[in-house]
Every structure is written in C-alpha cells, then in structure tokens.
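This briefing concerns a predicted model and should be read with that in mind.

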Amino acid sequence: MSVLPMLAPLAAEGAEHVPVVDPSSADGVFTLMWVVIALPLAGAAILLLGGRLTDAWGHLLGCLTVVGSFAISLAMFVSLIGRADDDRQVSQHLYDWISVGGFKVGADLLYDPLSALFLLLITGVGGLIHIYSIGYMAHDERRRRFFGYLNLFVAAMLVLVLAENYLLLFLGWEGVGLASYLLIGFWQYKPSAAAAAKKAFVINRVGDMGMSLAIMLIFVTFGTISFTGVSEAAGGAKESTLTAIGLLLLLGACGKSAQVPLQAWLLDAMEGPTPVSALIHAATMVTAGVYLIVRSNFIFDRAPDAQTAVIAVAVVTLLWGAIIGTSKDDIKKVLAGSTMSQIGYMMLGAGLGIAGYAFAIFHLLNHGFFKANMFLGAGSVMHAMDDDVDMRHYGALSKMLPITFLTFLMGYLAIIGFPGFSGFWSKDKIIETAFVDSVWIGILATIGAGITGFYMTRLMLMTFFTQKRWEEHVHPHESPKVMTFPLIVLAALSVLGGIMLLNDWIVDFLAPVVGTPVHHETEVPPIVITLIILAVVAAGVATAWFTIGRSEVPRVAPTQVSVFTRAARNDLYGDAINDTLVVRPGTHVVHGLTTFDKSVVDGAVMGQASATGGLAQVFRRWQNGFVRSYALSLLGGAILVVLALLVVNLG
Amino acid sequence: MSTEPYIVLSAILFTIGCVGVLTRRNAIVVFMCVELMLNASNLALVTFAKANGNLEGQVGAFFVMVVAAAEVVVGLAIIMTIFRTRRSASVDDASLLKY
C-alpha cells in the first residue's frame with residue numbers, strides 16, 4: 001500500500017493521458033514478491049561466503065535460485081493477467097528503510113505490467129544463461145565465485161525493476177554496476193580485463209552522478225521520491241524543473257545503457273566471460289536506462305525538451321554503434337556495437353513518448369532474446385575455436401557447429417528484421433513511430449537498420465560461411481547439451497517474440513503504466529514504410545554479400561584501409577575524445593593540485609616545523625647548565641610577578 | 001608592638017641569601033643561603049601572623065620548616081655524592097645537563 005495519501009489523479013492536458021501510479025496492497029501470490037529478490041540474494045550470500053565448501057554444488061544452487069525466482073515471477077504474471085486492467089499495480093511494503101525528519105523512504109516494491117515483463121526477462125533469460133554457464137565455465141576453477149556474482153547481479157537487477165521509489169531503484173542500479181564491475185574483471189589476472197572493469201566503473205560514475213542529482217532534485221521539487229507520489233504531483237511542477245530532472249535522468253541512463261557520450265565502456269566490457277556479456281551487457285543491465293526513462297514517463301511526458309534530448313542521444317548512438325559494428329573483427333565487439341545500436345532504438349522508442357514506450361519495451365524484450373542468443377552462440381563458437389575471438393580465423397563453421405549455427409541464424413534473422421521474426425515487429429514499429437514524429441529521425445533510423453543488415457551479415461558470413469581459415473591444431477566441435485539447450489530456447493523466443501504484438505497485446509498490457517497511445521496516421525501507409533525498411537536492410541545484406549561473401553577473406557586484417565574503416569575500428573575515436581576532453585585536462589588539474597599541495601600546503605606545514613626548530617636552536621642556548629644563571633632567571637621571574645601584582649593591585 | 005623592624009630584618013636576611021645564591025660557587029654555601037632565604041620568609045610569615053592576630057602565618061612557617069628539613073636531607077645527599085665522584089663542590093662544575 002502506498003505510504004502517501006491518495007490524491008485525486010491530476011488530469012493531464014491534451015488528448016494523451018499520463019497515468020498515475022496507484023498500486024493496491026499485495027495479497028495472494030503477490031505476497032511472495034520479496035522472495036523473487038531474496039532467492040538469488042541468498043544464493044549469492046551462500047556462494048560468496050561459503051567458500052570452498054560450496055565448490056562442488058555451487059553452480060547448481062546458483063541456477064536453482066534463479067529458476068525459483070522465475071517460477072514465482074511466472075505465477076505472479078499469470079495472476080496479474082487475471083486481474084482487471086486498472087487493478088494491475090501491486091505494491092508491497094517491506095520495512096521503513098530511511099526515516100530522517102521529513103525524508104521517509106520505505107523499502108517498497110511495486111509490481112505492475114512493466115515490472116512483470118522485466119521480471120520474466122531477467123529471471124527467464126538469466127536462468128537460461130546460468131544453465132549455459134555451467135558448461136561454459138566448467139573448466140574454470142573459480143566457477144563457484146562466478147555463479148555467486150551472477151546471482152548477486154540478478155538480485156540487484158530485480159531490486160532495480162521492483163523498486164517503488166527512486167532511491168531503492170538507485171540501490172539496485174548501483175548493485176548491478178558493482179556486479180558488472182566484478183564480472184567484467186572476473187579474469188582479473190589479465191591486465192586488459194582489470195582495466196576494462198575499472199573503465200566501466202568510472203564511466204558509470206559519471207552517469208550515476210546525474211542519477212543521484214536527479215533524485216535530489218525530485219525530492220526538493222516534490223517532497224517525495226516514490227513513483228506514486230511523483231506521478232501524482234508531476235502535473236503541478238514547472239516544465240523547466242521537469243526538463244532538468246529529465247536531462248539528469250537521461251545522463252544516468254546514458255551511463256548505464258552505454259549511450260553517446262558515455263558509450264566507451266561497453267566495447268571494453270567484452271573482456272568479461274561471454275555469459276556475462278550476454279546477461280549483463282546485452283539482455284538486462286544495459287537496458288536499465290530504457291527502463292528508467294519508461295518508468296519516469298510521468299516526468300518525460302511533461303518535458304518535451306528532455307524527450308528531444310533522449311531522441312538525439314538515441315539516434316546518434318544507434319548510428320554510432322552500428323558503424324562500429326561494421327569493421328570490428330572481434331566477434332564479441334561486433335555484437336557489443338550492435339547492442340549499443342539496438343539500445344539506441346529502444347531509447348528512440350522511449351524518447352517518442354506515449355506512442356513509443358510500449359514498442360521500446362517490446363524491442364527490449366526481443367533484443368533480450370535474440371542478443372542473448374547470439375552472444376551465447378558466439379560463446380559456443382569461441383568454445384569450439386579454443387577461445388579465439390577473431391572472426392578472420394573462423395570461416396565455414398556451419399557444418400561443424402550445426403546447432404550453434406541454426407540458433408545463431410534465428411538470432412540473425414531476428415536482429416536484421418526478417419519478416420516474421422521478433423526483431424522485425426519491434427524495430428519496424430519503432431521506426432514507424434519515428435516517422436510519425438519526424439521524417440528525418442525515421443530516415444536515420446532506417447539507415448541504421450540498413451547498417452545492421454550489413455554488419456550482421458558480415459558476421460554471419462565470416463563466421464559460418466566463406467573459406468575455412470582456422471589453424472590445423474584447432475578442432476571445432478559442437479558444445480555440450482547444457483550449452484545448446486539455452487541456445488535452442490532463446491532461438492525459439494527470437495522467432496516467436498512477435499506474438500506479443502498480436503492484437504496490440506503489449507501496448508494494452510503496458511497501458512496502465514505508460515498510457516494509451518493516440519493513433520496517428522502517417523502520411524504514407526505503414527506497409528510502405530515497412531517495405532522501405534525491408535529494401536534498405538536488403539541493400540545492407542546484399543552489400544555484405546558482395547563485399548565479403550564473394551571474395552577471399554584475408555586472415556590478417558588489411559592495414560591499407562579507408563579513413564572511415566580506420567575510424568570505425570578505433571570506436572569512432574570515442575576513447576580519443578574522452579582522453580582529450582576529460583582525461584588529459586583531468587591529469588593537468590591533478591598535476592596542478594599536486595604541485596599546490598606540495599608547495600603551498602606542505603610548505604606551510606613543513607615551514608612551521610622548521611621555524612619552530614630554528615627558534616629552538618636559539619633558545620636552547622639558555623640551558624647552559626649553570627645553576628646560578630637559572631637562579632637569576634628565577635629571581636627575574638619572581639620580580640616580574642611581584643611587579644605585575646603591584647601594577648594590578650595599585651594601578 | 002611595632003612589626004617594622006622584624007620585616008626589615010627579614011628583608012635584609014632574604015637579600016643576603018639571594019645574593020649568596022647568585023654569587024657563591026661552593027654548593028654548601030649556596031645551600032646555606034637558600035636556608036637563609038627560607039628562614040627570612042619564615043620570619044616574615046610569623047611577623048604578619050602577629051600583626052594580623054591569627055595563626056595562619058605561623059602554620060605556614062611550620063610547613064616551610066618541614067619542607068626545608070626534607071630538602072636538606074635530599075640536597076646534602078646529592079652534594080655529598082657529587083663531591084665524592086667529581087672531587088669538587090663547585091656548582092659551576094656540575095654543568096653537564098645542558099643544551
């Protein structure tokens with residue numbers, strides 16, 4: 001139940017009504033809401049504190065807790081479907097977390113259609129990735145610790161999506177950041193992995209600063225930070241304040257979701273084990289920024305300028321990521337660039353407002369399926385190729401790895417938007433909505449789709465087709481069943497994800513959270529837009545076929561390349577930009593501060609000490625050892641005291 | 001009874017003691033001069049007690065005597081020891097504890 005008095009919902013101006021969060025108290029199966037979080041948290045605690053005692057069965061416990069959470073999530077989802085449309089927001093008060101004067105924060109959970117979908121994604125895909133990791137990490141002697149971190153991540157992510165106020169959300173937000181740091185640097189003996197973990201952590205600090213400032217501003221403006229309270233009061237706030245909150249939230253989202261300008265960490269994050277890339281850096285954590293914006297729809301809907309900023313970031317990122325993807329030879333980095341780009345599409349959907357929220361979440365879920373599928377597929381390929389990630393060393397693997405190939409193919413068809421596959425429905429809807437908003441945004445998003453077609457086809461061709469390029473001592477072999485089973489399930493979901501759009505189910509389902517979109521007619525019929533998108537994608541695929549599929553792929557990357565290729569290989573100079581704008585000025589400031597500290601601060605302290613020492617050198621001469629001179633001093637002192645007394649008493 | 005002569009005597013004794021401490025080198029003489037100063041102050045205390053008609057000054061004089069007696073015991077012992085080891089009773093020779 002909400003801790004705030006229920007105010008009458010403020011009717012938003014205009015045709016589109018911004019819904020208010022108005023949860024009822026948890027009963028029935030919903031009272032198990034906290035267990036969803038508690039299970040993986042307990043798993044993490046046991047695995048991380050239990051030490052070597054849990055080595056033998058730790059991985060099984062890690063899987064069980066997440067599968068258990070999935071079962072509860074599924075039961076709650078079924079129960080939620082059975083409720084009336086306007087009764088689909090349930091909250092559970094666990095305890096008073098912080099209570100300082102007028103600042104009260106409860107550990108409150110909120111289960112609504114948006115959280116419901118995320119819960120299923122996190123525990124479902126998360127569970128599959130846990131199972132896959134049993135096989136993938138089988139030869140790692142620290143597998144138990146790996147599962148402990150994974151469980152910690154799942155628990156934190158569940159806190160993030162079940163939180164009923166911004167501070168609890170922030171707790172989960174930081175929790176997933178910590179888990180991400182630990183898992184990117186899981187092989188910390190590799191300097192590159194340790195550096196990548198640090199980089200991810202530091203860049204996320206920038207975003208988190210925006211996030212915490214946003215929370216403070218929300219509290220100052222509304223006097224509360226619960227979704228219930230803010231969604232009720234948002235209508236009465238000044239637009240400039242809402243815009244400021246929106247921009248700060250966007251900064252937070254940029255950090256977590258690797259959006260330009262805070263995108264540089266995601267490519268390096270691929271240093272982590274592949275299941276981590278699939279779970280954290282593709283399916284769940286990096287989509288937290290999209291969740292944040294969709295969750296804060298009551299702020300963004302009333303701050304059009306902030307929405308414009310979201311769209312700008314999204315469009316730049318979706319092209320940025322796609323361009324990086326075109327020229328990387330590391331299979332995981334291609335997928336990482338692709339993830340950036342796809343999250344750009346989700347952000348675009350979220351920036352388009354009520355018309356786009358549902359499609360952003362729809363694409364987020366589909367992306368969770370097909371990208372997790374492809375990352376795990378890439379892991380399976382690496383497993384077969386002795387952990388080689390260079391696609392130039394692959395080639396013609398479709399016969400060697402039939403299951404991996406077929407499941408990867410499903411993910412490939414889904415991401416390029418092949419008609420009927422999940423990505424087709426969701427990306428198509430986002431681009432269509434973008435065309436309604438502005439033709440230019442639509443065109444840019446369509447170009448992004450074309451580039452997606454190109455780089456994914458390039459990846460497919462270089463990995464599974466073209467000539468055999470691996471060394472003699474490498475013997476590609478299909479992965480064990482514990483790894484192919486999750487691939488098959490995720491491939492099925494990649495194909496079938498589109499059914500969520502049947503009868504606009506997902507739009508209606510999310511309507512209590514994000515509002516009901518008003519249908520806008522585009523100037524051209526939607527089918528024409530779909531055909532244009534398909535034509536652009538087909539052009540991208542054909543380009544890849546003619547440039548890569550029909551010619552010999554060199555085993556060593558050619559160095560005589562165009563300036564564009566070189567830029568894309570260097571992540572469009574994202575690191576160089578960061579170095580020039582932030583790192584180097586920062587180093588100068590630090591050098592200046594060090595000099596100031598050494599000369600001025602230390603100078604004052606050390607100078608005082610040596611002055612005292614020098615003075616003592618003079619005064620120590622008084623201690624000459626002659627008793628009679630001491631007696632003279634004594635007499636002088638006594639006379640002074642007497643004189644002083646006389647002056648005071650007589651004067 | 002006029003107390004003035006006693007005070008004058010006390011001042012003269014104190015000054016003699018004071019000058020003795022500052023000018024003489026022999027430790028025994030310095031010591032005796034210290035005693036002289038103590039007794040000069042005792043005389044002043046007793047005189048003031050008489051002048052004020054109460055016993056506080058006299059009690060104070062007794063305290064000074066007790067402390068002086070204790071001081072003599074310790075002080076003479078130190079002077080004896082120094083004389084035995086250094087074959088000198090000059091206070092200027094015992095100036096090792098410096099700087």
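Which element gives the most to the lining of the second largest pocket? The answer is α2(B), with seven residues. The pocket itself holds about 840 Å³ of space, and its lining draws on chain A as well as chain B.

**Second largest pocket**

- The lining comprises 32 residues, and the closest to the pocket centre are Val627(A), Val30(B), Phe31(B), Val34(B) and Val91(B).
- From chain A, α24 (627-650) gives two or more residues to this lining.
- From chain B, the elements that give two or more residues are α1 (4-23), α2 (27-52) and α3 (56-86).
- Classified by residue type, the lining has 25 nonpolar and six polar residues, together with one charged residue.

**Cavities**

- Four cavities of 30 Å³ or more are found when the whole structure is searched.
- The largest cavity has a volume of about 50 Å³.
- Its lining consists of Ile416(A), Gly417(A), Phe424(A), Lys427(A), Asp428(A), Thr530(A), Ile533(A), Leu534(A) and Val537(A).
- Two helices of chain A, α17 (422-437) and α21 (526-549), each supply at least two residues of the lining of the largest cavity.
- The largest share of that lining comes from α21(A), which contributes four residues.
- By class, the lining of the largest cavity divides into five nonpolar, two polar and two charged residues.

**Sheet in chain A**

- An open sheet of three strands has the order β1-β2-β3 in chain A, with mixed pairing.
- Its edge strands are β1 (24-25) and β3 (103-111) of chain A, each of which pairs on one side only.
- Strand β1(A) runs parallel to β2 (residues 90-100) of chain A, and two bridges join them.
- Within this part of the sheet, Ser24(A) stands opposite Val90(A) of β2(A).

**Annotated spans in chain B**

- According to the unreviewed UniProt entry, the annotation "transmembrane region" covers residues 6-22, 29-49 and 61-83 of chain B.
- In the model, residues 6-22 of chain B are 100% helix and 0% strand, and the end C-alpha atoms of this span are 24 Å apart.
- Residues 61-83 of chain B are likewise 100% helix and 0% strand, with 32 Å between the end C-alpha atoms.

Methods:
Residues are numbered from 1 along each chain as its sequence is written. Chains are lettered from A and ligands numbered from 1 in the order in which they are written. This is a predicted model: local features need pLDDT of at least 70, side-chain atom pairs count only at pLDDT 80 or more; totals for chains, interfaces and linings use all residues. Side-chain values use heavy atoms; hydrogens and water are left out. On a 1 Å grid over the protein atoms alone, a cavity is a set of points where a 1.4 Å probe fits but cannot get out, and a pocket is an open set with protein on both sides within 12 Å along at least five of seven lines; lining residues have an atom within 4 Å of a point. Grid points are joined across faces, edges and corners, and a volume is the space filled by probe spheres set on the points. Ala, Val, Leu, Ile, Met, Phe, Trp, Tyr, Cys and Pro count as nonpolar, Asp, Glu, Lys and Arg as charged, and the others, Gly among them, as polar. Two strands pair if DSSP finds at least two bridges between them. UniProt positions are given in the numbering used here, feature names are shortened, and annotations may be inferred rather than shown by experiment.
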